[in-house]
Amino acid sequence: MAIEIGRRGKLYIKKELEYGETLTAHDSTDALRHINLAMTTDPFNRVTSPEKKSSPGAVTRFDRRVTAELGTLEALLRPSGTLNTAPECDQVLEAAFGSKSSVTLSTTVEASPSPSTTTATVASAGTLAAGDAILITRNGVRYVRILTAVDSAALTWAPALPSAPETGEAIKGCLTYKLTSALAISLAIAHYLDTFKRALVGVGINSLGLTFDANEEPKFTASGPGKEQFTGAGVPNLPAAFTTVGANPPSGLVGDLLINGTALPFKSLALTLTNGLVVRNSEYGQSKASELYRADRRSLEVTLDTFAETEATLYDLAEAGSYPSIFKQTGRTEGNIVALYLPKVDIKVPGTDDPDTEVSWSFTGTALETADGANDEVRLVLA
């Protein structure tokens, strides 16, 4: 009997049209290159009968409801390589955030009125709206920025550019993932080894982790509750191909991080989005989950590791109890850029260690909405 080798496993993910729909075949384009995967299920969740009996051992067991879970999915956060083209992990990101906008637009900066580091009038704004991301080419360097206002063809963005764009410089639309109040997007996941295959339906992304390290490529982890797992004959056949999207993702070797628009050297940045999702699995007459919904508040926790330097950029803001913005961009090549914008973050004062070598700070904080109902704690951009 052949032993299964995990490195040969193939993973396919698609968005369900309705929660926990009957498992159907995946397309080749549902492929996702991954690093690690854990799925669990208990089809019986049996308990021992509480009835009294003569001997101390267990004899009778009773069935309970089916449970299933996506324990861990880890993969590279890999852009598609082309503006406005969805990445392999598109379904996971949309299920975690709730929505996305992709504005296909290529326009240029107008001479009048004079542009500034945060504003410009363009030849055409297309369908751009506040909250969307744009890619600005300034002096040959590409910068992602988040629109804070769109007034006809007049654009306002944050954070500020290093210098005002010039007439004729390019501005393009991007793919932006955005948070929503309601969240009930579910996924179907299929994993194929050489002979063993399994599929999980009705999966909600309750937790999404994003990590950015100075010497690595961006990664994400995802987990959440599911409805039911299938194996063997219950899983559709392996798709005919494993169609991937995008080349090597950008790494921490190229990019920057801005605190209130001021550059801050950093070692690593991590975000953990927790959605408060649960499955409805407690009704009389039901043996498995029937719905996915948000039962609790959403939270977004931030960890930022830096060397102990430039105290005024962030440490002083934490001491003062202010709420700085955080913007991070990884990569400068169009189609292969990952950016994050958190407009309002409550940062804690970090402890300061005392090693023989470099002193470090590990900042932690909670990302906040700018106003009730804004759903803008974070924007994730692929440009």
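Which residues of S25 are buried on one side, and which on the other? I opened the notebook with that point.

**Entry 1: ground rules.** I am working on a predicted model, in which local features need pLDDT of at least 70, side-chain atom pairs count only at pLDDT 80 or more, and totals for chains, interfaces and linings use all residues. Residues are numbered from 1 along each chain as its sequence is written, and side-chain values use heavy atoms, with hydrogens and water left out.

**Entry 2: strand S25.** I looked up both faces of S25 and found them covered: Ile326, Lys328 and Thr330 are buried on one side, Phe327 and Gln329 on the other. Buried is under 20% relative accessible area, exposed is over 50%, and partly exposed lies in between (1.4 Å probe, protein chains only). Strands here are DSSP runs of E with at least two residues, helices are runs of H or I with at least four, and both are numbered from the N terminus.

I then checked the neighbours of S25. Strand S19 (residues 255-259) runs antiparallel to S25 and is joined to it by 5 bridges; two strands pair if DSSP finds at least two bridges between them. In this pairing Leu257 stands opposite Lys328. Strand S26 (residues 338-342) is also antiparallel to S25, again with 5 bridges, and there Phe327 faces Tyr341.

**Entry 3: the sheet from S7 to S8.** I traced an open sheet of 6 strands in the order S7-S12-S9-S10-S11-S8, with antiparallel pairing. Strands S7 (106-108) and S8 (119-121) are at the edges with a single partner strand each, so one side of each has no neighbour in the sheet. Neighbouring strands of this sheet are turned by 35° against each other on average, direction ignored; the axes are lines fitted to C-alpha atoms, for helices over the stretch in contact, and angles run from 0 to 180 degrees between N-to-C directions. Inside the sheet I picked S9 (residues 133-138) and S10 (residues 141-151), an antiparallel pair joined by 6 bridges. Ala133 stands opposite Ile146 in S10.

**Entry 4: salt bridges.** Side chains of opposite charge can pair when their charged atoms come close. I noted 17 salt bridges in the structure, each defined as a side-chain nitrogen of Lys or Arg within 4 Å of a carboxyl oxygen of Asp or Glu.

Which residue forms a salt bridge with Arg332? I found Asp256, with the closest N and O atoms 3.0 Å apart. Arg332 is in the loop between S25 and S26 and Asp256 in strand S19, so the pair ties together parts 76 residues apart in sequence. Arg332 is partly exposed at 22% relative accessible area, and Asp256 is partly exposed, also with 22%.

The loop between S25 and S26 also holds Glu334, which is linked with Arg142 in strand S10, so parts 192 residues apart in sequence are tied together. I logged Glu334 as partly exposed at 27% relative accessibility, and Arg142 as partly exposed at 27%.

Last, I looked at Lys100 and Asp90, a salt bridge with its closest N and O atoms 2.7 Å apart. Lys100 is in strand S6 (residues 98-102) and Asp90 in helix H1 (residues 90-97), 10 residues apart. Is Asp90 buried or exposed? Asp90 counts as buried at 8% relative accessibility, whereas Lys100 is partly exposed at 36%. Lys15, Asp90, Glu94 and Lys100 are linked in a network of salt bridges.
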